[in-house]
Structures are given as C-alpha cells and as structure tokens.
Amino acid sequence: MKDIRKLAYLFFFLSLLFGIMWYTLGSIDKSIFWQILTVLSLGWFVFEAERNWKDKKRIKKSLMIGLLLFIGTFFLDYSGLLNQGYTINRDYSLFAVGADPIELLLIVFFGGSAWFMQLPKKFSLGYSIADVFLLAFFGTITEIMLNRYGIMAYLTVDSFNAFVTYSMVWGILHLLNYKVFK
C-alpha cells in the first residue's frame with residue numbers, strides 16, 4: 001500500500017507539473033522547460049539519495065541505471081535523427097550533445113537514478129504494471145507537449161510509438177531491477 005501511495009504522489013506531482021507547463025509554454029521562453037525539468041530531476045535524485053544514503057549498493061545501482069538510460073537515450077535519439085523519425089529543437093538548450101539538448105540527458109540520468117532508488121525492494125506485479133503505465137503515459141504526454149510547442153517534431157513516428165517505446169523501456173528496466181540486479 002505504501003508503494004502504491006508513492007505512485008499516487010508521483011502521478012499527482014507530474015499531473016500538476018505538466019498541467020502548468022502545458023498552459024504556460026505558449027507564453028514563456030521555451031528553454032525554461034528544460035531548465036525546470038533538469039532542476040526537478042536533480043532535486044528528486046538528491047532527495048532519493050539522501051533517503052537511501054546508508055544503502056551504498058542501491059545508490060551505485062541507481063547510477064548504473066541512470067547511465068544506461070543516458071546512453072540509451074543518446075543512441076536512440078541520435079538514431080531517430082539519422083533515420084529522420086523525429087527531431088528535438090536544440091535552440092532552447094544550453095548546448096546539444098548529438099541529437100539531444102544536454103538538459104534532456106541530465107534529466108534522463110538524474111531522473112532515472114532517482115526512479116530506481118524509489119522502487120520497492122520486493123517485486124510486485126501490480127506496482128510494476130502501474131509504474132510502467134504511469135511513466136509511459138507521462139513520457140508520451142511530454143512528447144505531445146514538446147510537439148505542440150515546437151520543441152520537438154515527429155517526422156515519421158507518432159505518440160502511439162512513443163507510448164509503446166516508453167512502455168518497453170520501463171518494462172525492461174523493471175526486469176533488470178528485479179531479475180538481474182537482485
């Protein structure tokens with residue numbers, strides 16, 4: 001029950017955050033999108049690292065997950081750029097690394113590491129399904145918002161592809177956590 005409550009809090013927070021961003025991105029500097037998400041993911045990482053400070057092994061594994069997500073995002077997005085599936089507008093970034101704004105890669109690293117640290121230690125199929133759906137849903141909502149405001153452009157893929165891809169990635173990460181890293 002405690003673990004499902006964590007997902008409910010995450011759902012509430014992400015709903016509030018993306019609701020506000022959805023309605024304000026049209027009237028503010030779009031670079032603030034990346035800056036806000038970078039600061040929030042770093043803050044979440046610090047919060048989770050502090051909560052898990054005594055479990056150095058868990059923190060180390062979380063950094064490995066963050067690095068896997070960082071590398072995977074870099075190559076997947078670079079492949080998407082090369083295959084002309086989509087582009088991410090890097091004009092709103094401090095600088096780009098490959099096809100991605102540096103902020104996106106930092107968000108993926110710190111957010112992915114924080115996500116790993118907040119996972120329950122014991123496997124729960126219900127939790128994993130809800131978590132995968134929640135993250136795939138908000139990942140897709142993010143891409144829809146990025147497309148709407150010109151921060152990203154789909155060229156040959158669509159939101160359904162994004163949802164399926166996010167579901168697969170988070171599902172694989174759950175399998176890694178509960179089957180490989182345990």
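Gln 118 is buried, because its relative accessibility is 4%; buried means under 20% relative accessible area, exposed means over 50%, and partly exposed lies in between, with a 1.4 Å probe and protein chains only. Gln 118 lies in helix 4. Helices here are DSSP runs of H or I with at least four residues, strands are DSSP runs of E with at least two, and both are numbered from the N terminus. Leaving aside neighbours within four places in sequence, Gln 118 is in contact with Lys 6, Trp 44, Glu 48, Arg 58, Tyr 127 and Asp 131. Contact means heavy atoms within 4.5 Å.

The model is predicted: local features need pLDDT of at least 70, side-chain atom pairs count only at pLDDT 80 or more, and totals for chains, interfaces and linings use all residues. Residues are numbered from 1 along each chain as its sequence is written, and side-chain values use heavy atoms, with hydrogens and water left out.

## Salt bridges

Two of the residues touched by Gln 118, Lys 6 and Glu 48, also take part in salt bridges. A salt bridge is a side-chain nitrogen of Lys or Arg within 4 Å of a carboxyl oxygen of Asp or Glu. A search of the whole structure finds three of them.

| Salt bridge | Distance between closest N and O atoms |
|---|---|
| Lys 6 and Asp 3 | 4.0 Å |
| Glu 48 and Arg 51 | 3.2 Å |
| Lys 121 and Asp 55 | 3.3 Å |

Lys 121 lies in the loop between helix 4 and helix 5, and Asp 55 in the loop between helix 2 and helix 3, so this pair ties together parts that are 66 residues apart in sequence. Lys 121 counts as exposed because its relative accessibility is 52%. Asp 55 has a relative accessible area of 24% and is therefore partly exposed.

Lys 6 and Asp 3 are both in helix 1, and because they are three residues apart there, about one helical turn separates them. Asp 3 is partly exposed, with a relative accessible area of 27%. Glu 48 and Arg 51 are likewise three residues apart, in helix 2, so about one helical turn lies between them. Glu 48 is buried at 3% relative accessibility, whereas Arg 51 is partly exposed at 46%.

## Nonpolar cores

In soluble globular proteins, nonpolar side chains tend to be buried together. A nonpolar core is a set of buried Ala, Val, Leu, Ile, Met, Phe, Trp, Tyr and Cys residues joined through side-chain atoms within 4.5 Å. The largest one in this model has 35 residues, and those with the most contacts inside it are Phe 18, Phe 33, Trp 34, Ile 65, Trp 115, Met 145 and Trp 170. At least two residues of this core come from each of helix 1 (2-24), helix 2 (31-51), helix 3 (56-82), helix 4 (102-118), helix 5 (125-148), strand 4 (152-154) and helix 6 (159-180). Helix 5 gives the most, with seven residues.

Phe 18 touches Phe 33, Leu 37, Phe 138, Thr 142 and Met 145, not counting residues up to four places away in sequence. Another core, of seven residues, lies apart from the largest one and includes Phe 45, Ala 49, Phe 110 and Met 117.

## A nonpolar surface patch

Phe 13, Ile 28, Ile 32, Ile 36 and Leu 40 make a nonpolar surface patch of about 360 Å². Patches are made of residues with over 30% relative accessible area and no salt bridge; like charges are joined within 9 Å, and nonpolar side chains (Val, Leu, Ile, Met, Phe, Trp, Tyr) within 5 Å. Accessible areas come from the Shrake-Rupley method with a 1.4 Å probe, and for residues only the protein chains shown count as cover.

Helix 2 supplies the largest share of the patch, three residues. Ile 32 is in helix 2, and it is partly exposed because its relative accessibility is 31%.

## Ser 93 in its loop

Ser 93 is found in the loop between strand 1 (86-88) and strand 2 (96-97). Ser 93 counts as buried because its relative accessibility is 14%. The side chain of Ser 93 reaches the backbone oxygen of Phe 95 at 2.8 Å, and a polar contact of 2.5 Å joins the side chains of Ser 93 and Glu 103. A polar contact is a pair of N or O atoms within 3.5 Å; within protein, one must be able to donate a hydrogen and the other to accept it, and residues adjacent in sequence count only if both atoms are side-chain atoms.
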